[in-house]
Amino acid sequence: MELLVRYLERNNSTSSGLTQDVIKEQNLRDDLRYYFMSPCEKYRARRTIPWKMGVQILKIIMITIQLVLFGLNNQLVVSYKEENTMALKHLFLKDYSGVDEDEYSVAVYTQSDVYDSLFYVLDQYSQLGRLSVGPISYAEDGDGNLLPLVVCKEYYRSGRVDPSEETYDIDAQLETVCMSHDPVTANHWRTQNSSFFQLDFYRLINVKLTFQLKGINLQTVRSRELPDCYSFYVTITFNNQCHSGKVKIFLDTDATSSACRDWKISGTAQKNTHYLLVFDGFVILVCITSAVLCTRSIVLAVRLLQRFARFFQENFNRKVCEEDQDEFLNGWYVMVIISDLMAIVGSILKMEIQAKSLTSYDVCSIFLGTSTLLVWVGVIRYLGYFQKYNVLILTMKAAFPKVLRFCCCAGMIYLGYTFCGWIVLGPYHEKFEGLSRVAECLFSLLNGDDMFTTFAQLKDTNTLVWLFSRAYLYSFISLFIYMVLSLFIALITDAYETIKNSFIAAE
């Protein structure tokens, strides 16, 4: 960077005449000064309208509006799926309280309760049309026939268990037996197939009931959007894998949306969809323009760097150092191009969703959300032209390499605590049951959240584990809050002080 600064500030008085080489050198110097100017300085110097800045401002406004509109629609989709899942649990799970117990929905403890809960599903399913208050019904195949309800039971092939004599004889080979029937007459299975429902609980692993339902999300009409049709793949599992006397009942749904085959709607919903498609098309056009302008700026910067490097090689027989070369490669332009490409892909997916050709809401939201994040982060580039705001950018730039190396070292200790907490405290504490949950719990502790709850929730049935947990938690909190976190803040503070002192010296 020093080489570039000295060259730009070199006095022209040493030149003896306006030769062609001197004019070429002066043009290069002017182009270099112009390249490193802010948009306002460029306008004052050559009256060049800052098209890129104007396009970026317009793009920020339009992409944010697009994101808000899609987010409101996506919320309706998510709420519809969640409320349908809750409605299905109330419909098919006997004595469901409305709140899941841990990871399962309901648990039963007697054989009669298992049979009652199983037959309750069949009874409710056979009279679904008379029970449900929502627009939901049985699914049909391509020929218009109702898709059957399937019941499968998985069990050990053979076995004999005698707990009183402490003996057992189990064939570990698993077998699965299934049967299906018409949904409307599903409640008659108990009499027609009584032998199938005679369960040997000491051999039983699980019983699964699977069926498919159809529904229509009519609430989108309120937001002037065309409703989607949904297929709900429902699985109800009676889990007896532990053979502990507790049978857990799970209800899982997998909802997929699609365009309705035949629909008719009056009002403004269809017209509103056309307006949104036009708006999304305009967003794509603005993003393409932004990407083209930024690509053009990168190409011009590379050419200017080549001119600068060639001039120094020919006149001073020196190569431009990597630090000076990096000044020409503007990372902001690369980030803007990436955000533009993601916004274009997200807008295309959004248009396909609105036209009911696709239903990839999650993929579209990832593209639109990430592009909006990068667009708003790109605003920092323009704030960096002001000295007071530029302190943040320079501090982040100076502290990032040190912080990254520090996090790599601290991460090794963090991973050690994660694995240790999972293997030792996992069976006794719900926050340590999985590796991801342990990492989340430790990160919460690192920030001073939920400390007392984490200590208090540990089951004290094992004195040795209880003592270990205290040493584990106290050492982690002391190490990371009082040492690691303090050093992390100190690195950023040191970089800030360095940048601030350089500004003071420059003034």
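Q: In this predicted model, at roughly what angle do the axes of helix α4 and helix α5 cross?

A: The axes of α4, which covers residues 51-92, and α5, which covers residues 111-126, cross at roughly 115 degrees and come within 8 Å. Since angles of 65 to 115 degrees count as roughly perpendicular, α4 is therefore roughly perpendicular to α5.

Q: Which residues in α4 and α5 meet?

A: On the α4 side they are His90, Leu91 and Phe92, and these meet Tyr120, Val121, Gln124 and Tyr125 in α5. Sorted by type, the residues of this contact between α4 and α5 comprise five nonpolar and two polar ones, with no charged residue.

Q: Does aspartate 95 count as buried or exposed?

A: The cut-off for exposed is over 50% relative accessible area, so aspartate 95, at 68% relative accessibility, counts as exposed.

Q: What is phi of histidine 243?

A: Phi of histidine 243 is near 50 degrees, which is again a positive value in a residue other than glycine. Histidine 243 is found in the loop between β6 (228-239) and β7 (247-258), and with a relative accessible area of 33% this histidine is partly exposed.

Q: Which residues does UniProt list for "transmembrane region"?

A: A record of this kind may hold annotations that are inferred rather than shown by experiment. The unreviewed UniProt entry lists residues 275-302, 328-348, 360-383, 403-425 and 471-492 under that name. In the model, residues 275-302 are 100% helix and 0% strand, with end C-alpha atoms 41 Å apart, while residues 471-492 are likewise 100% helix and 0% strand, with end C-alpha atoms 31 Å apart.

Q: Turning to the whole chain, how many helices and strands are there?

A: The protein chain has 15 helices and seven strands, and of its 507 residues, 37% count as buried. When contacts between residues at least 6 apart in sequence are considered, 70% of them join residues at least 24 apart.

How values were computed. Residues are numbered from 1 along each chain as its sequence is written. This is a predicted model: local features need pLDDT of at least 70, side-chain atom pairs count only at pLDDT 80 or more; totals for chains, interfaces and linings use all residues. Side-chain values use heavy atoms; hydrogens and water are left out. Helices (H or I, at least four residues) and strands (E, at least two) are DSSP runs, numbered from the N terminus. Buried means under 20% relative accessible area, exposed over 50%, partly exposed in between (1.4 Å probe, protein chains only). Contact means heavy atoms within 4.5 Å. Axes are lines fitted to C-alpha atoms, for helices over the stretch in contact, and angles run from 0 to 180 degrees between N-to-C directions. Angles under 35 degrees count as roughly parallel, over 145 as roughly antiparallel, 65 to 115 as roughly perpendicular and the rest as oblique. Ala, Val, Leu, Ile, Met, Phe, Trp, Tyr, Cys and Pro count as nonpolar, Asp, Glu, Lys and Arg as charged, and the others, Gly among them, as polar.
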